[in-house]
Amino acid sequence: MLPFRGARVAMDPGQLLRVMGPASIVVETGRIRVLGAEFGPGSSILVHRYRSYVVKALERAVLSVRLGEGGAIEKPNPGEEVVDAWERIAEEIASNGRFVAMVTGPVDSGKTSLATMIANVALGKGLRVAVVDIDVGQGDLSPPGFIALKYLEKPVTWLRLEKGDSLRFVGGITPVHNPYYTRLMVGAVDLVNEARERGCQAIVVNTGGWVTGINAVEMKIELAYAIRASHVVVLDEVLCKRIGSAIGSSIKVICAPRPKVVRERNRADRRELRRHQYMRFFQSAKRICVDLSSVVVIGSCALSGRKLCAEELPSEVAHVLSRVHASLYEHDDILVLWSRRDVPSDAISKLRAAMGREVFVVTPASAKGLLCAVLDENLRVASPGIIDSIDLDSGELCIYTEHSGRVGGVIIGRIKLGENWDEVARLPRCPL
Ligand SMILES: Nc1ncnc2c1ncn2[C@@H]1O[C@H](COP(=O)(O)OP(=O)(O)O)[C@@H](O)[C@H]1O
Ligand SMILES: [Mg+2]
């Protein structure tokens with residue numbers, strides 16, 4: 001490590017420097033390149049505390065670098081840095097003039113950085129560029145639970161400062177199980193098609209870090225076909241070979257090297273990053289209320305069930321329900337009990353025994369904090385939302401959202417946010 005916390009650094013042409021955040025870089029003289037974007041005199045770059053960048057001098061340059069707590073600046077050892085190999089890959093892909101490149105690899109392998117570089121290089125060639133971020137847990141362009149598309153007009157170093165132009169809802173933070181798997185696949189295809197229809201020549205698809213196990217590998221392969229990728233870039237040798245042997249010659253599979261030194265993020269860091277994303281997308285949210293009978297609701301056990309009336313129920317069940325002022329919704333396999341208050345457990349066991357089906361209890365408290373997607377009148381995702389209150393008796397649903405237009409519907413997710421934007425750990429099958 002170089003022995004300073006804030007200083008001027010002179011760089012020779014072609015020289016590399018690794019800057020670990022938090023740090024800020026101001027170019028005093030000369031030109032540098034970071035993630036495929038060029039910076040000249042007077043321009044500045046912020047390096048967030050969870051990120052590190054490799055700076056390459058394109059000519060003799062002088063930088064003024066300030067480091068925050070935990071930040072560092074170092075000269076990479078020979079062979080440690082991958083920036084030259086990455087730039088060649090980005091050049092190769094972008095020189096096609098029209099491409100759909102999907103970037104994949106394990107957690108912290110550099111997917112977001114390489115995807116950003118490919119997008120910046122494509123912009124430098126004058127192409128119309130879209131980034132489609134389908135990392136549903138650690139996406140940059142949307143809160144967790146969503147995937148997003150961004151039309152890129154200028155080079156970026158950190159996509160997390162941008163917001164997606166078009167969002168799709170997945171509803172969970174990993175695509176491992178359904179319905180999230182299907183929603184992610186459908187949403188990804190939909191976003192890539194939208195970018196195509198809008199005339200984007202360069203579409204860069206950044207994926208999440210779920211790569212272990214056969215399902216994860218098959219998902220990546222199916223995704224590559226479904227979005228009609230021209231290139232798949234893989235930041236892991238073993239995974240690359242696996243994908244390469246499964247995909248024929250129709251899609252070019254490129255094995256990219258992984259940087260040897262990165263700013264790694266542990267579980268707690270990733271949780272904190274998600275918390276920040278929730279905060280960012282609800283900063284100027286307002287509370288809106290809708291009438292449940294006039295909007296479409298997707299993803300709710302109670303609201304998609306059939307409401308049972310007292311006459312249909314065995315008398316002991318009708319008696320229990322009237323005692324706790326609750327109503328019952330049925331599906332073939334489960335029952336959903338709606339109540340404004342907590343329901344005593346003996347009442348629930350009586351219901352379960354009498355009806356022979358699993359019973360889920362929905363209350364205003366179980367629904368409060370659920371992440372949802374607010375749909376516009378065409379039932380397209382307009383904005384993320386958080387349920388504040390619901391009353392199935394009066395039919396009123398109130399949501400915090402930045403959406404200010406008409407609401408045509410809501411998709412309920414399975415992520416619940418508590419005080420301070422933390423994710424509530426365990427949710428029942430039917431929180432609503
Ligand atoms: N070539 C590199 N040299 C040093 N650090 C890097 C390099 N590429 C990425 N990083 C850093 O490594 C971390 C993980 O990279 P990122 O692109 O976010 O990976 P992923 O999207 O696969 O999780 C980030 O902090 C990023 O700034
Ligand atoms: Mg990433």
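Student: How far apart do the C-alpha centres of domain 1 and domain 2 lie?

Tutor: In this predicted model, the C-alpha centres of domain 1 and domain 2 lie 25 Å apart, where the domain bounds come from an automatic or database domain assignment. Two residues are in contact if their C-beta atoms, placed from the backbone, lie within 7 Å, and by that rule the contact takes 16 residues from domain 1 and 18 residues from domain 2. On the side of domain 1 that touches domain 2, strand 2 (16-20) and strand 7 are the elements giving two or more residues, and strand 7 gives the most, with four. Helices (H or I, at least four residues) and strands (E, at least two) are DSSP runs, numbered from the N terminus.

Student: What should I know about the numbering and the confidence limits?

Tutor: Residues are numbered from 1 along each chain as its sequence is written, while chains are lettered from A and ligands numbered from 1 in the order in which they are written. As this is a predicted model, local features need pLDDT of at least 70 and side-chain atom pairs count only at pLDDT 80 or more, whereas totals for chains, interfaces and linings use all residues.

Student: How are two packed helices described, and at what angle do the axes of helix 1 and helix 2 cross?

Tutor: Two packed helices are described by the angle between their axes and the distance between the axes. Axes are lines fitted to C-alpha atoms, for helices over the stretch in contact, and angles run from 0 to 180 degrees between N-to-C directions. The axes of helix 1 (residues 83-94) and helix 2 come within 9 Å and cross at roughly 50°. Helix 1 and helix 2 are therefore oblique to each other, since angles under 35 degrees count as roughly parallel, over 145 as roughly antiparallel, 65 to 115 as roughly perpendicular and the rest as oblique.
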